[in-house]
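Have the structure open while you read.

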Amino acid sequence: MMTEDAVLDVLRKVIDPEIGINVVDLGLVYSVSIEGRSLNVDMTMTTAACPLGAYIVDQADMLLRQYFPNADVSVNLVWSPPWTPEMMSEAARQQLGWMG
């Protein structure tokens with residue numbers, strides 16, 4: 001079943017190759033919207049200059065289409081609000097050694 005939690009579980013399989021942490025724990029997924037068969041995900045990158053931004057968005061799109069083959073998937077790259085390290089989960093901070 002396509003729920004927000006199920007979508008986030010799939011997106012946890014998308015790993016930022018530079019950092020080695022999934023996009024959900026990095027705080028890059030801003031919103032998940034499900035209406036009928038439509039699945040819209042707004043996500044960002046840590047910086048607009050991220051050289052792997054297109055790759056990460058493509059990975060998210062591919063996995064969502066694979067796990068939800070009947071959905072009309074749209075993954076949107078957004079820049080507002082700008083990402084900040086405070087958006088990371090506690091687990092991501094610990095993985096990076098950012099305690100506190």
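## Helices on a sheet

The buried residues of α1 pack against β2 (21–22), β3, β4 and α2. Those buried residues are Ala 6, Val 7, Leu 8, Val 10 and Leu 11. Buried here means under 20% relative accessible area, exposed means over 50%, and partly exposed is what falls in between (1.4 Å probe, protein chains only). Packing and touching rest on contact, meaning heavy atoms within 4.5 Å. The element names come from DSSP runs, numbered from the N terminus: helices are H or I with at least four residues, strands are E with at least two.

A word on the ground rules: this is a predicted model, where local features need pLDDT of at least 70 and side-chain atom pairs count only at pLDDT 80 or more, while totals for chains, interfaces and linings use all residues. Residues are numbered from 1 along each chain as its sequence is written, and side-chain values use heavy atoms, with hydrogens and water left out.

Now to α2, which covers residues 53–67. It has 15 residues and reaches 21 Å from its first C-alpha to its last, close to the 21 Å expected at 1.5 Å a residue; that expected span is 1.5 Å times one less than the number of residues. Which residues of α2 are buried? They are Gly 53, Ile 56, Val 57, Ala 60, Leu 63 and Leu 64. Looking down the axis of α2, these fall within an arc of 130 degrees, so they line one face of the helix. The arc is taken from the directions running from the helix axis to the C-beta atoms. An α-helix has 3.6 residues a turn, so residues three or four places apart point the same way. Over on the other side of α2, Ala 54, Asp 58 and Gln 66 are exposed. The buried set of α2 packs against α1 (4–11), β1 (15–16), β4 (38–43) and β5 (72–77).

The sheet itself is open, with three strands in the order β3-β4-β5 and mixed pairing. Its edge strands are β3 (29–35) and β5, each pairing on one side only. Two strands count as paired if DSSP finds at least two bridges between them. Here are the two pairings:

| Strands | Sense | Bridges | Residues facing each other |
|---|---|---|---|
| β3 and β4 | antiparallel | six | Ile 34 and Leu 39 |
| β4 and β5 | parallel | six | Asn 40 and Ser 74 |

β3 and β4 form a hairpin with two residues between them, and Gly 36 in the turn has a positive phi of about 60 degrees. α1 lies across β3 and β4, running at about 135 degrees to β3. Angles run from 0 to 180 degrees between N-to-C directions, with axes fitted to C-alpha atoms, for helices over the stretch in contact. Together, β4, α2 and β5 make a right-handed β-α-β unit: with the strands pointing away from the viewer, the path from the first strand over the helix to the second runs clockwise.

Leaving aside residues up to four places away in sequence, Ser 38 touches Met 2, Ser 33 and Asp 72.

Pro 81 sits in the loop between β5 and α3 (90–95).
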